[in-house]
Amino acid sequence: MDVLLVKRAQRRDMEAFVDLVEKHKTGLYKVAKSYLRSEEDVADVMQETVLSVYEHLQELKNASYFKTWITRILINHCKDLLKQQKRYTVSDQLPDKADVPRDDREFYRLIGELNEDYRTIFLLYYGEGFHTREIAQILEVNENTVKSKLRRGREKLKQVLCY
């Protein structure tokens, strides 16, 4: 379904573009919130991301990579904002409980136990359904790094759950 929407949006179909943004906004919010503390910063980064995507949508060669592509753009905007603010840390603050469906609250509580190196990878893998290859592309790291961080993060969570 995304592929058809992307192709329509690339032909400047505004309704298709809005549908794409609406479809992915919750996942993008969660990723942005894992990087940024302030709701205002999250809103700014989301707005910049939507604008960038709109301006550069024609450059996306493979429509099936839209979700990976838009997430990468969002993360780049988050990192740029953090550099401007002279800090680069993944936020300990996760989405507010009111913004998270009841079934997901335990997941966010658990990944909150992880340090920043693992939290974003867990959010992208388990929260947003990206594959390790896609996460490696988004974070610009080796796929084996993603796999090892997932494995180590699972071990950490086992320790948390068992004690």
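This is a predicted model: local features need pLDDT of at least 70, side-chain atom pairs count only at pLDDT 80 or more; totals for chains, interfaces and linings use all residues.

User: Why is His 77 called buried?

Analyst: The relative accessible area of His 77 is 15%. Buried means under 20%, so His 77 with its 15% is called buried. This residue lies in helix H4, which covers residues 66-84. Leaving aside neighbours within four places in sequence, His 77 is in contact with Val 45, Glu 48, Thr 49 and Ser 52.

User: What makes Asp 44 partly exposed?

Analyst: Asp 44 has a relative accessible area of 40%.

User: Which residues form the negative surface patch, and which helix gives the largest share?

Analyst: The negative patch is formed by Glu 40, Asp 44, Glu 48 and Asp 80. Asp and Glu count as negative, so the patch of these residues is called negative. Helix H3, residues 39-56, gives the largest share, with three residues.

User: How do you know that Lys 23 and Asp 2 form a salt bridge?

Analyst: The closest N and O atoms of Lys 23 and Asp 2 are 2.8 Å apart. A salt bridge requires a side-chain nitrogen of Lys or Arg within 4 Å of a carboxyl oxygen of Asp or Glu, so the pair at 2.8 Å qualifies. The pair links distant parts of the chain: Lys 23 is in helix H2 (residues 14-35) and Asp 2 in helix H1 (residues 2-10), 21 residues apart.

User: Are Lys 23 and Asp 2 buried or partly exposed?

Analyst: Lys 23 has 48% relative accessibility and counts as partly exposed. Asp 2, at 16%, is buried, because the limit for that term is under 20%.

User: How many salt bridges are there by this rule?

Analyst: The count comes to six. Among them is the bridge between Asp 13 and Arg 8, at 3.0 Å from N to O. Asp 13 is partly exposed at 25%, and Arg 8 is partly exposed at 29%.

User: What makes the pair of Glu 39 and Lys 33 a salt bridge?

Analyst: Their side chains meet at 2.9 Å, N to O, and the limit is 4 Å, so the name applies. Lys 33 counts as buried, with 0% relative accessibility, whereas Glu 39 is partly exposed, with 33%.

Technical notes:
Residues are numbered from 1 along each chain as its sequence is written. Side-chain values use heavy atoms; hydrogens and water are left out. Patches are made of residues with over 30% relative accessible area and no salt bridge: like charges are joined within 9 Å, nonpolar side chains (Val, Leu, Ile, Met, Phe, Trp, Tyr) within 5 Å. Accessible areas come from the Shrake-Rupley method with a 1.4 Å probe; for residues, only the protein chains shown count as cover. The place of a charge is taken as NZ of Lys, CZ of Arg, CG of Asp or CD of Glu. Helices (H or I, at least four residues) and strands (E, at least two) are DSSP runs, numbered from the N terminus. Buried means under 20% relative accessible area, exposed over 50%, partly exposed in between (1.4 Å probe, protein chains only). Contact means heavy atoms within 4.5 Å.
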